[in-house]
Amino acid sequence: MSDTNTPKQAGEEEIQQAIETAISGLDLDKISMHQVYQDVMFTIQNTSFKLLLANKLFEHIFVRDGVFQTKEQDEPRDA
C-alpha cells in the first residue's frame with residue numbers, strides 16, 4: 001500500500017487482500033454454489049439479528065436517557 005492512497009482506497013485494498021487470502025485457502029474445485037449460498041444466508045441472518053438487537057438496545061437507551069419520550073410519557077397523568 002502506497003502513502004498516496006486515500007483512506008477509502010486503503011480500505012478497499014485491505015478488503016481485496018483479505019478476499020484473496022480467504023480464497024487462496026479454499027479448494028475452488030470442490031466448493032459448491034449451495035455452500036456459498038448457505039454461508040451468505042447464514043451471514044445475512046446473523047447480521048440482521050445483530051442489527052435488530054442493536055436497534056432495540058438503542059431504543060431502550062434513548063428512552064432511559066430521555067432522548068425521546070415514550071407514548072406513555074406523553075399522556076397526562078391523573079392525580
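**Helices, salt bridges and a nonpolar patch**

Student: Is Glu 59 exposed or partly exposed?

Tutor: Glu 59 has a relative accessible area of 33% and is therefore partly exposed. The scale calls a residue buried under 20% relative accessible area, exposed over 50%, and partly exposed in between (1.4 Å probe, protein chains only).

Student: What kind of model is this?

Tutor: It is a predicted model, in which local features need pLDDT of at least 70 and side-chain atom pairs count only at pLDDT 80 or more, while totals for chains, interfaces and linings use all residues. Residues are numbered from 1 along each chain as its sequence is written, and side-chain values use heavy atoms, with hydrogens and water left out.

Student: Which residue forms a salt bridge with Glu 59?

Tutor: The partner is Lys 56, and the closest N and O atoms are 3.7 Å apart. A salt bridge here requires a side-chain nitrogen of Lys or Arg within 4 Å of a carboxyl oxygen of Asp or Glu. Lys 56 is partly exposed, because its relative accessible area is 44%.

Student: Where do Glu 59 and Lys 56 lie?

Tutor: Both belong to helix α2 and are three residues apart, about one turn of the helix.

Student: How many salt bridges does the structure hold?

Tutor: The structure holds two. Arg 64 also pairs with Asp 65, with 2.8 Å between the closest N and O atoms. Arg 64 is exposed, with a relative accessible area of 61%, whereas Asp 65 counts as partly exposed at 48%.

Student: Changing topic: how many helices and strands does the chain have?

Tutor: There are three helices and zero strands, in the order α-α-α from the N terminus. Helices (H or I, at least four residues) and strands (E, at least two) are DSSP runs, numbered from the N terminus.

Student: What share of the residues counts as buried?

Tutor: Of the 79 residues, 1% count as buried. The chain exposes about 7700 Å², of which carbon and sulfur atoms supply 59%; accessible areas come from the Shrake-Rupley method with a 1.4 Å probe, and for residues only the protein chains shown count as cover.

Student: Which residues form the nonpolar patch on the surface?

Tutor: Among them are Ile 15, Ile 19, Tyr 37 and Met 41, and the patch has about 950 Å² of accessible area together. The elements that give two or more residues to the patch are α1 (7-24) and α2 (33-64), and α2 gives the most, with five residues. Patches consist of residues with over 30% relative accessible area and no salt bridge, with like charges joined within 9 Å and nonpolar side chains (Val, Leu, Ile, Met, Phe, Trp, Tyr) within 5 Å.

Student: And where is the place of Met 41?

Tutor: Met 41 is in helix α2 and counts as partly exposed, at 31% relative accessibility.
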